[in-house]
Amino acid sequence: VVKELVDNLLQVLRLRLSNTFLPVLQEAIGVGSAFEGWSPCEPDDVIYHLLLPLKPPSGHRFCLEPLGSRWQMPAKDFRIRVELECSCGGENMLCFLHHTEDQMPHLLDILCTNSYLDAAKLTRWFQDLVKKAWETLRQARHYQMKVLPHSQSSCLLQVTGDSGSTFILEIVFGVQQGASDIFLTTQTAGDTDAPSTRWTESYIVAEVKFFSHMAKQVPCGRFHLKCLHLCTSILEGTDFSPYIIKTIVMYLLNTTPVTGWCRRNCIVRLADIMRHLHCCLRNKTLNFFFFGNAKMPKEIILPPEFQTYEPYNLLQHLVQNPAAHTEALRQFEEIQEE
C-alpha cells in the first residue's frame, strides 16, 4: 500500500516537473527493516523508509566530491557539486551553458548553496510539491496526508485512512554512486550540526538487495527474516543494536549452506546467531559486511574500491571502552540465562 501510494505520487510529480530544469525523480526504493521484512517494531510503530533517487536534469551534472577532512566509518561524507554542461542540439534546445537570456529558474538557483546540492532546500521544495500534488491522487479520497515537522534531511508524511488507521513514511533523497548499489543520501545519523550540503554514503539499497537475493536462495523464503526478527526482539532493551544482529545474520546467510535455513533447523540457526554474537563480543570485533568481503553475491553491485578497504570494526567502541565491554558481556550472559 505504501509503495503504491508513493509511486502514484511520484508519477504526478514527474509530470509536473517534466518541462523544468529541476531534479529528475526516479522510482522510490523501499529500504530498512519494514521493507526487508523483519521490523523489530510493533506494527503501529513502524516507519516506512523510502529512498528517492535523484538524477540531474538536462544540461546539468552531479559531481561527487569526497570530504577528505571527515571520515565517519563506515560511511564517507561527500558534497554534490552541480555543474552545467552543454545541451545544444539536444531535445531541450535551451542550453544553460551557452544561452543566458530568458532562462527559467533551474537547479542551481533553487536547490543549491554555492553550487552544491543543499538537502534542506531540497526537502522544503519536495514537501511543497507533495502538498500541492496530494489532492490530485485518487487515493486522496480515502487517505488524509499531513507533512510532519522533522528535519532538514528527509520528508516525513503521516497518512490516515478512512478507517482511522495511520502509518508514517519517511522519504530520504539519494544520488547513486556510479552504477553501484551505493547511494549518497541526505541521512546524517542524527547529526543536527551537519551542514545541509553534506551527503553521506549509504548501504541501505545494497542491504535490501542482499535480503531479496537470499530470499530466492533459501528453501523457506522468509525463515531467515523470522530468525532475525526473533533475535532482535530477544535483545530489545540491551545495548546490542538491531544493526549488529542484522550484520551477523548477513554473514551467516553468506557462509551457511542455504539448505540450513528452514523451519526444522530453527533452534540451530538461532543458536548460531547467538553464538556468533558471543564470539564477536569476546573478541570485540565484528567487521562491516560490505568492506573487503570476498563472498559478496555478484548481484550486489559495489564500487571496486570496497574490496580493498580495510575492515571496519562495528564493535570498536568496546575496544576503546573496557567498561562498555564488561557491560556487554554481562548483558549477553543475562539474556542467555533467561
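I take a salt bridge to be a side-chain nitrogen of Lys or Arg within 4 Å of a carboxyl oxygen of Asp or Glu. I note that this is a predicted model, in which local features need pLDDT of at least 70 and side-chain atom pairs count only at pLDDT 80 or more, while totals for chains, interfaces and linings use all residues. Residues are numbered from 1 along each chain as its sequence is written, and side-chain values use heavy atoms, with hydrogens and water left out.

Entry on the domains. I looked up the division of the protein chain and found domain 1 (1-203) and domain 2 (218-337); these bounds come from an automatic or database domain assignment. I read 31 Å between the C-alpha centres of domain 1 and domain 2.

Entry on the interface. I found that domain 1 and domain 2 bury about 1,500 Å² between them, with 67% of it on carbon and sulfur atoms; buried area is the accessible area (1.4 Å probe) that two parts lose on being put together, summed over both. I find one salt bridge between the two domains. I also located a salt bridge between the side chains of Glu-36 and Lys-246, at 3.0 Å from N to O.

Entry on the cysteines. I counted zero disulfides, a disulfide being a pair of cysteine sulfur atoms within 2.5 Å. Cys-112 is in none, and the nearest cysteine sulfur, that of Cys-63, is 11 Å away. I list Cys-112 as buried (under 20% relative accessible area, with exposed over 50% and partly exposed in between; 1.4 Å probe, protein chains only), because its relative accessibility is 5%. For Cys-155, the closest cysteine sulfur is in Cys-112, 19 Å away, and therefore too far for a bond. I list Cys-155 as buried too, at 0% relative accessibility.
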